[in-house]
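Please read them with the coordinates open.

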Amino acid sequence: MSYPTLSDLNDPSLVPPLGSRSAPDIGPAAVMVSTEPDMKQVKYDFPDLPQSSFFNSTLLVLNRDRKGFSFAGPYIGAPYGVMLLESLVAKGARKIVVFGWCGAVTEHLEPGDLVVPGEAIADEGTSRNYMEPEGCFPVVTPSPSLTDRLGSRLDRAGVPFKRERIWTTDAIYRETEKKIDYFRQRGAAAVDMECSALFAAAEYRKIDVAALLVISDNVASSEWKPGFRKKAFKDARKTGMKAVIEFTRELAENGE
């Protein structure tokens, strides 16, 4: 059972998000890159972008104007992911695209499959600070319009993906058989550590968020099946990141 958090949505925080008082505009769109290997690839692909420290992560800004966009990451876990999202919003981001990894909790997903989350079951504590309590494990959604547009962009690029409900947990080493079965029975096809919190925070801040995740491993059976070394997983990361960058660039060029 998840423990409740005091809901106090109508009062402002005493601590403002980073840069909310005087922040240079980073453009209307941003990509949140959750893993260090993928963020390292972004830095390699965009060696001339200005970089700055962003908490324990890095912020890269492409064209610091209203048609620019940015990359932020890496990050792990719901609290830290939301910290970055809040700070990107404070710096002007209005549409955020998340790129990360997740584990399959069903046999119909394999390492290298791409997943666009349509819903996330919140089994973490951060989202409860951004939404009214709705039972033990509320279901949180990303922006329907941005998620649909991301899916359409993947279709146009010929990139296969599956739209699924995912389960977001705080404890990567407590994915037990009982928990996996419980959330699978409630429609979850994959598990990650950030999405439900990012979706809840984005809705609270009235900005749009969508996500693309790569299946990295499978915990659908009694034996963990890692897929981090598989060629399909490595290829999917490159394909997925390219599609996300092109999609976010389009958002920025349209001034969204």
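The points below cover the nonpolar cores, the aromatic rings and the salt bridges, in that order.

1. The model is a predicted one. The comments that follow should be read with that in mind.

2. The largest nonpolar core has 42 residues, and those touching the most other members are Met32, Leu85, Leu88, Ile96 and Val98. Two or more residues each come from strand 1 (29–33), strand 3 (57–62), helix 2 (78–90), strand 5 (95–104), strand 6, strand 9 (188–192), helix 5 and strand 10 (208–218). In soluble globular proteins, nonpolar side chains tend to be buried together.

3. What does Met32 contact beyond its neighbours within four places in sequence? The partners include Leu84, Leu85 and Leu88, as well as Ile96, Val97, Val98 and Phe99; Leu198 is also among them. Apart from this core there is a second, separate one of 31 residues, with Leu49, Phe69, Val116 and Leu212 among its members.

4. The aromatic pairs number 12. One of them joins Tyr130 and Tyr204, edge-to-face, with 5.6 Å between centres and 75 degrees between planes. Tyr130 is in the loop between strand 6 (114–123) and strand 7 (139–140), while Tyr204 is in helix 5 (residues 195–205), so the pair ties together parts 74 residues apart in sequence. Tyr130 is buried, at 15% relative accessibility, whereas Tyr204 is partly exposed at 27%.

5. Trp224 and Phe228 make a tilted pair, because their planes stand at 55 degrees, with the ring centres 6.4 Å apart. Phe228 is partly exposed, its relative accessible area being 33%. Both rings belong to a cluster in which ring pairs also link Trp101 and Phe233. Elsewhere, Arg186 places its charged end over the ring of Tyr182, 3.5 Å from the ring centre.

6. The whole structure contains 10 salt bridges. In one, Asp148 and Arg163 bring their closest N and O atoms to 2.6 Å. This bridge links helix 3 (residues 144–156), which holds Asp148, to strand 8 (residues 162–169), which holds Arg163. Asp148 is partly exposed at 40%, as is Arg163 at 43%.

7. Which residues form a network of salt bridges? Arg153, Arg156, Glu246 and Glu250 do. Glu246 and Arg153 meet at 3.1 Å, N to O, linking helix 6 (residues 231–253) to helix 3 across 93 residues. Arg156 and Glu250 have their closest N and O atoms 3.7 Å apart; Arg156 lies in helix 3 and Glu250 in helix 6, so this pair ties together parts 94 residues apart in sequence.

8. Glu246 is partly exposed at 29%, and Glu250 is partly exposed at 29%.

Methods
Residues numbered from 1 in each chain as written. Predicted model: local features only at pLDDT ≥ 70, side-chain atom pairs only at ≥ 80, totals over all residues. Heavy atoms only, no water. Phe/Tyr/Trp six-rings, centres within 6.5 Å; stacked < 30°, edge-to-face > 60°. Helix = DSSP H or I, 4+ residues; strand = E, 2+ residues; numbered from the N terminus. Buried < 20%, exposed > 50% of the residue type's maximum accessible area, 1.4 Å probe, protein only. Lys NZ or Arg CZ within 6 Å of the ring centre and 35° of its normal. Core = buried A, V, L, I, M, F, W, Y, C linked by side-chain atoms within 4.5 Å. Contact = heavy atoms within 4.5 Å. Salt bridge = Lys/Arg side-chain N within 4 Å of Asp/Glu carboxyl O.
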